[in-house]
Amino acid sequence: MTVYFIGAGPGDPDLITVKAKARIEACPVCLFAGSLVPEAVVACAPEGAKVMDTAAMTLDDTHAEILAAHKRGEDVARVHSGDPSLYGAIAEQIRRLRKDDIPFEIIPGVPAYAAMAATIGQELTIPEIAQSIILTRMSMQSTSMPEGETLENFGRSGATIAIHLAVRNMREIERQLIPHYGEDCPVVVGYRVSWPDQEIIRGTLKDIRMKVRKSKITRTALIMVGPALAESHEFVDSALYDPAKPHVLRPVVGVDLVEPNNT
């Protein structure tokens with residue numbers, strides 16, 4: 001018996017991986033986070049499977065279902081949104097599985113920031129503008145942030161920042177990031193990206209708060225900030241395809257080679 005932590009992707013059932021779909025199709029027990037994972041994703045569970053929405057369940061509840069399945073010798077598909085390694089709350093589940101000597105496997109999924117970049121049709125790492133992406137969130141009543149992991153500190157990098165679970169804190173985002181990015185820095189807010197009712201809001205650190213307020217979005221949104229998000233750029237082409245910069249996969253006789261990279 002194995003518990004499969006499955007990344008369901010951002011919401012669009014077509015964005016689930018082949019491996020993830022195959023595991024759901026084979027597991028007689030399927031526990032899915034229904035607040036973020038549409039039922040269409042788990043509709044491929046086998047006939048007669050026990051399919052449960054865990055949105056209203058506690059950690060004790062879900063672990064009890066896993067223990068029961070373990071006693072029956074049945075595999076469990078534990079389906080989370082996006083990629084389970086990001087804000088998936090799987091660490092505490094894994095701790096219990098290890099304590100009870102229950103095998104598990106993690107199957108990655110398409111993260112929300114990748115789906116959002118695809119939706120807005122942009123690369124997040126632009127040569128000489130931004131070459132790093134910071135994935136973070138903001139403190140909430142339930143969970144605080146570690147000391148030092150603040151937007152203000154991250155803002156000093158100038159990188160592209162993807163902020164989860166923070167759409168109700170737009171004023172604080174504005175306050176902490178304007179000193180580092182400037183009030184005209186591009187911001188994109190994506191609500192339920194890849195779902196049928198998705199909404200994309202573009203703005204700047206100066207005006208995005210009012211745009212989000214007008215849209216009445218209060219949850220299930222990803223906020224991305226950084227100069228790489230501008231809709232047009234003046235930037236140099238990457239070295240990867242530059243004929244003047246050969247590398248080991250495209251050598252030129254008599255020219256020193258450089259290692260290829262993705263930029």
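Which residue in β10 is the bridge partner of Ile163? Select Ile223: that is the partner.

This is a predicted model, where local features need pLDDT of at least 70 and side-chain atom pairs pLDDT 80 or more, while totals for chains, interfaces and linings use all residues. Residues are numbered from 1 along each chain as its sequence is written, and side-chain values use heavy atoms, without hydrogens and water.

**The sheet**

Now select residues 160–164 and 221–225. These are β7 and β10, antiparallel and joined by four bridges. (Strands are DSSP runs of E, at least two residues, and helices runs of H or I, at least four, numbered from the N terminus; two strands pair if DSSP finds at least two bridges between them.)

Widen the view to the open sheet of five strands, ordered β6-β7-β10-β8-β9 with mixed pairing. β6 (133–137) and β9 (199–204) each have a single partner strand, so one side of each lacks a neighbour in the sheet.

**The helices**

Select 112–120 next. This is α4, which lies across β6, β7, β8, β9 and β10, at about 70° to β10. Then pick 208–215: α7 lies across β8 and β9, at about 155° to β9. (Contact means heavy atoms within 4.5 Å; axes are lines fitted to C-alpha atoms, for helices over the stretch in contact, with angles from 0 to 180 degrees between N-to-C directions.)

**The pocket lining**

Select Ser35, Leu36, Ser81, Tyr87 and Leu165, which lie nearest its centre among 47 lining residues. α2 (59–72), β4 (76–80), α3 (91–99) and β10 each supply at least two residues of the lining.

Definitions and conventions: 1 Å grid on protein atoms, 1.4 Å probe; cavity = no way out; pocket = protein on both sides within 12 Å on 5 of 7 lines; lining within 4 Å.
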